[in-house]
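User: Please take me through this model by way of the terms used to describe it, setting each value against its cut-off.

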Amino acid sequence: MLQRTVPIAILSLSGIIMILAYFSPWTESWGNTVIDWFNIIAGVAFILGAGNLLRVNLEKISSQRPGWAYAAITIVSFMAVLVVGLFKIGAVPSDRFPDVHFAGDIDSADSTLGWIYFYVIGPLGATMFSLLAFYVASAAFRAFRAKNLESILLLGTAFIILLSATAAGVWLTKPIPADSPIAFLKFERLRAFITEVVQSSGMRAIGIGTAIGIAALSIRLILGIDRSYLSKGGGDA
Amino acid sequence: MSNADANAPRPPQQGSRRGSYRLLFISIAALFTSVAVMQMASAAQDPALDPAVAAEKWSNLWTTVGIWVAALLTLGIFSFLYKDNPVYKVCESIFVGASAAYYMVNAFWTSLVPKLIAPIAPAFTKANLLPELTLPASDQAYYSDLALAVVPLILGIMLLFRLLPKGGWISVWPLAFVIGTTAGIRLLAAIETDVLAQVSSAGSSVIVYNETTDAAGVVTRTIDWAGVGKGVLSVICVLTVLTYFFFSVEHKGAVGKTARVGIWFLMITFGASFGLTVMGRITLLSQRFEFLLKDWLGFG
Amino acid sequence: MSQDSNDGLFARLGRIDRRWIFLAMALAIIAPILMRLRFEEEPQRMAQATFDTIEALPAGSKVLMSLDYDPSSEGELQPMANALIHHCASRGHKIVFMTLWPFGTPLLDKTVKRILLEYHPQLKYGTDYVTLGYKPGLEGVVKLMSSDIPKQFTTDKQGTPIGEVPLLAGVKDLSGFQLVVSVSAGYPGAKEWVQFGNGPTPDAFAVIGGTTAVQAAQLLPYFPKQMEGMLLGIKGAAEYELLVQKAYMPERFPERLEDGRIRMGSQVFAHMLMIALIVLGNIVMAAGRARGGAK
């Protein structure tokens, strides 16, 4: 009962409270309380994640598995940022409460944590994401093949969007007068048509289908029909 | 390869190549370091300065150090494009550790302190952590806040049981709470804004008017046939794509043909999405190169 | 070696090391930066709608600006955030800043200092602009703000109780704002502001969404009924920048409002390269098929 019935009851109750909170002003405060609890548990989840990170990397170091030095670097960087942030080392003192150390601002661009954010975490994250541009180019060369009508439609549309996004595409169709019958062939108009009519409608349909799926899954969860989350419990995190 | 081959000593060329790579790396690092030191020295020279100016110079020094650190980390990540290598792995490890800690610090100060620690120990929190905190007006208010904080406190502790080898099933209770809350919020939002509002938008875009006002102020409405055409096409697109995704009915005959048209619209949609994705990724990459060329090396 | 000499050019091209493609992409982006290439943009419907929405608001309107992105998306979104802030401030609107992303707060702080205070140094904190900072809770924050802002944000970022902030006097929920702007890189972001903020009271305030090109497809269905203005990726940012600069050219640091157009320069070369790679790849495939058929 503790491992199945109680979690199902908790899930159903919290879901029903959120639904009731939407429809009735008398139950609106219940929903606000539930969301507050949700935020607190989400905060604890970060501690869980950090704890898991430490556990996995410390295991790697203690067992001297290949690459254990990188685990050590992960832990050192983790602890360094954690200490700076939790103890607010180098925080900008608060204007209203300058004598209270922990009232200082660690999010300011002038703080030590702000320095770490702008010169370590930020560049690393941005550069990781920017690598995708290279892989998109490589994939375009190796994988994008116009083999049938569907792939020709996809590639043709991609060409129009890529060209029209730049001045080159606009320049190519500049000779077409704006009020001529074939003005719709101007790249910027084709782009507008594709994005505002076809792409918008296609995404609208996908959105409607996804929303119906989300609604169906949510109802199944709240009614206790879908219990897949119960198998996620257990000793291994 | 036999064990004898695996244990055989490496040929001398491989050993000397590794040595020369190491020497090259050390030389480049030394060159960068010396240029950085010279830049820092010029930023912090002349100690007999006005304190405010000295503070600004010190700040400039840290900015210079920061730009160098950011540039070297950026190049370290880019080195992965040539080949997976230890420099990239070091940068990756730093990123994982630093960003995990940043999330945790943020969660601690924005969630746990104001919503968990404050209701439990308000006087301590106000004196040491959150001086802007409003203390409970009465004991009743304190116990009321405490009661509301006890439930998430217990659920939060139960969540941490996930780290233990045994008893991890206890963490399913707070997980169920999180899933239930999310399901309740998303159910209504999905139906309201992604179904009802979208169907309404699709239907209302079919009839489009042009409004013109003449000199006398009389407003004339005429049907915008181009707009109507676009609206009709939009509705056809939505219906055909939805037909394609309706897998409960076999795609044969009229349904099959309709689904096929839906696939064509989907291909145009995905082609447009690909074009936009390329634009987005290239922008990120150009921003990194701008940083390296302008902020670090001073070109452009 | 013998296989290489017997294979044609296209076969060798098909086996090219991908690092040459990476190098070509790098050069395609670096060259315009070094050459300082800039191209004129022609504002399209969405950028114009965004501009017109802010222009149509009475001067002094309250605007809630949520900068929901982190450094990973700064390249695409910072230019539009800069232009939106400068436009609103130039129109005399009062801006309340916040973010739904934990990694967004330092960027928010830097943006306010670098754009709002540099371009409009006469603005006073508390009466002309306020920073609420970050609040955890994802879409729950938006949901709570749609009914009770003071409960969600008991103080501003500086620790001042909300009731004592002049700009927020009398603002109980989102309907106290005339415009909500979300510059977002994903979840939570503009979609959640429409779903949870605008959904319950659709006509209470206008919504403008700025998003990355990757996320653009998800927001397109909301324009123009649920979102009066929308800026899609760096192109939308560049078009909007142009409109704002033409109307409200800043006296100092005008280059901070040109990042979008500068980055569009790299787009031209990189997009040409992408098209060339796709065409080349298909030619290689066709040549391979022809060679296979001939054998």
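User: Which residues does Ala91(A) touch, leaving aside those up to four places away in sequence?

Analyst: In this predicted model, Ala91(A) touches Gly104(A), Asp105(A), Ile106(A) and Ser111(A), once residues up to four places away in sequence are set aside. To touch here means that the C-beta atoms, placed from the backbone, lie within 7 Å. Ala91(A) itself is found in the loop between H3 and H4 of chain A.

User: Why is Ala91(A) called buried?

Analyst: The term requires 20 or more other C-beta atoms within 10 Å of the residue's own. Ala91(A) has 22 other C-beta atoms within 10 Å, and therefore counts as buried.

User: What makes up the contact of chain A with chain B, and which classes of residue are found on the side of chain A?

Analyst: Chain A gives 107 residues to this contact and chain B gives 102. On the side of chain A, helices H1 (5-23), H2 (28-62), H3 (68-86), H4 (112-143), H5 (149-164) and H7 (187-222) each supply at least two residues. By class, that side of chain A divides into 73 nonpolar, 28 polar and six charged residues.

User: Which element gives the most to the side of chain A that touches chain C?

Analyst: In this contact 49 residues of chain A meet 48 residues of chain C. The elements of chain A that give two or more residues are H2, H4, H5, helix H6 (167-172) and H7, and H4(A) gives the most, with 14 residues. The classes on this side of chain A are 27 nonpolar, 14 polar and eight charged residues.

User: Which domains does the assignment give for chain C, and what separates their centres?

Analyst: The domain assignment gives domain 1 (16-37 + 263-294) and domain 2 (45-257) in chain C. Taken over C-alpha atoms, the centres of domain 1 and domain 2 of chain C are separated by 37 Å.

Notes
Residues are numbered from 1 along each chain as its sequence is written. Chains are lettered from A and ligands numbered from 1 in the order in which they are written. This is a predicted model: local features need pLDDT of at least 70, side-chain atom pairs count only at pLDDT 80 or more; totals for chains, interfaces and linings use all residues. Two residues are in contact if their C-beta atoms, placed from the backbone, lie within 7 Å. Helices (H or I, at least four residues) and strands (E, at least two) are DSSP runs, numbered from the N terminus. Ala, Val, Leu, Ile, Met, Phe, Trp, Tyr, Cys and Pro count as nonpolar, Asp, Glu, Lys and Arg as charged, and the others, Gly among them, as polar. Domain bounds come from an automatic or database domain assignment. A residue is buried if 20 or more other C-beta atoms lie within 10 Å of its own, exposed if 12 or fewer, and partly exposed in between; C-beta atoms are placed from the backbone.
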